[in-house]
Amino acid sequence: MEYLGIDLSCAVGSLRRGQFPEKDCLLPLISKLLGYAIVAASTTVKLPQILKILKHQSVRGLSMISFELEVVGYTIALAYCLNKGLPFSAYGELLFLLIQALVLVAIIYYYSRPVHTITWIRALLYCAVAPTVLAGQIDPLLFEALYASQHAIFLFARIPQIWQNFSNKSTGELSFITSFMNFGGSMVRVFTTIQENAPGSVLLGYVIGVATNFTILSQIILYQKPLVEKEKKTK
């Protein structure tokens with residue numbers, strides 16, 4: 001009994017016998033269900049951030065390079081998972097995150113006008129290279145090296161934003177909901193990656209994601225308090 005790659009025979013068989021499914025039977029099932037739940041949630045994870053920018057018509061406090069590097073990281077991660085033939089439940093959210101990240105970068109460009117020439121060069125370079133990477137039409141050793149660098153890319157994608165938040169003592173237009181969903185998604189992915197027996201390099205990427213997303217989420221909570229106090233004083 002299998003639906004969407006989820007084997008239900010073990011759990012259903014145990015329940016029919018009036019028994020609670022054993023750990024070896026239950027954990028893979030939970031992992032698959034959580035995997036698809038993450039994929040479903042990922043379709044809207046960046047929507048709160050997009051809507052917040054559009055509502056305020058501002059990208060105040062947002063680091064452009066951070067969002068650009070995030071697009072590069074998602075592209076490499078998606079290409080690697082596709083190349084390794086991992087089940088869709090193990091990486092499906094990367095497709096939706098990449099699409100939303102591209103939309104987000106386009107919006108940031110729009111509200112950051114005039115955009116510098118170097119920014120357009122970076123964008124054109126991405127458009128030229130990304131299709132080749134996603135198609136897996138590169139040397140296998142280079143692919144592994146590229147994926148290994150993807151962890152550094154995601155780390156450095158967060159550092160400029162974390163530093164900017166710290167320097168400004170404000171998170172500007174960063175969305176709490178999007179940051180919370182990013183953190184929660186990374187936590188769940190650590191569990192599902194272990195259950196799916198994915199390569200250790202994939203697990204490392206999600207662990208880094210947990211740490212950096214938690215830092216940004218903490219900054220949003222920390223730096224919102226002084227703003228609330230200031231508003232009370234002005235009333």
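This is a predicted model: local features need pLDDT of at least 70, side-chain atom pairs count only at pLDDT 80 or more; totals for chains, interfaces and linings use all residues.
Author: Residues are numbered from 1 along each chain as its sequence is written, and side-chain values use heavy atoms, with hydrogens and water left out.

Reader: Why is glutamine 57 called exposed?

Author: Glutamine 57 has a relative accessible area of 57%. Exposed means over 50%, buried under 20%, and partly exposed in between, with a 1.4 Å probe and protein chains only. Glutamine 57 is therefore exposed. This residue lies in the loop between α3 (47-56) and α4 (64-84), where helices are DSSP runs of H or I with at least four residues, numbered from the N terminus. Glutamine 57 also has a positive phi of about 50° although it is not a glycine.

Reader: What makes lysine 169 partly exposed?

Author: The relative accessible area of lysine 169 is 44%, so the residue is partly exposed. Lysine 169 sits in the loop between α7 (140-168) and α8 (176-195), and its phi is positive, about 55°, although it is not a glycine.

Reader: What makes the peptide bond from arginine 113 to proline 114 cis?

Author: Its omega is near 0°. Most peptide bonds are trans. Proline 114 is in the loop between α5 (88-111) and α6 (117-134).

Reader: How do you know how α4 and α7 are oriented to each other?

Author: Their axes come within 8 Å and cross at roughly 150°. Axes are lines fitted to C-alpha atoms, for helices over the stretch in contact, and angles run from 0 to 180 degrees between N-to-C directions. Angles over 145 degrees count as roughly antiparallel, so α4 and α7 are roughly antiparallel.

Reader: What is the class make-up of the contact of α4 with α7?

Author: The contact has 17 nonpolar, 5 polar and 4 charged residues. Ala, Val, Leu, Ile, Met, Phe, Trp, Tyr, Cys and Pro count as nonpolar, Asp, Glu, Lys and Arg as charged, and the others, Gly among them, as polar.

Reader: How many cavities of 30 Å³ or more does the structure hold?

Author: The structure holds 1. A cavity is a set of points on a 1 Å grid over the protein atoms alone where a 1.4 Å probe fits but cannot get out; lining residues have an atom within 4 Å of a point. About 190 Å³ of space lies in the largest cavity. Of its 15 lining residues, those closest to the centre include Phe67 and Glu70. The lining divides into 5 nonpolar, 7 polar and 3 charged residues.

Definitions and conventions
Helices (H or I, at least four residues) and strands (E, at least two) are DSSP runs, numbered from the N terminus. Angles under 35 degrees count as roughly parallel, over 145 as roughly antiparallel, 65 to 115 as roughly perpendicular and the rest as oblique. On a 1 Å grid over the protein atoms alone, a cavity is a set of points where a 1.4 Å probe fits but cannot get out, and a pocket is an open set with protein on both sides within 12 Å along at least five of seven lines; lining residues have an atom within 4 Å of a point. Grid points are joined across faces, edges and corners, and a volume is the space filled by probe spheres set on the points.
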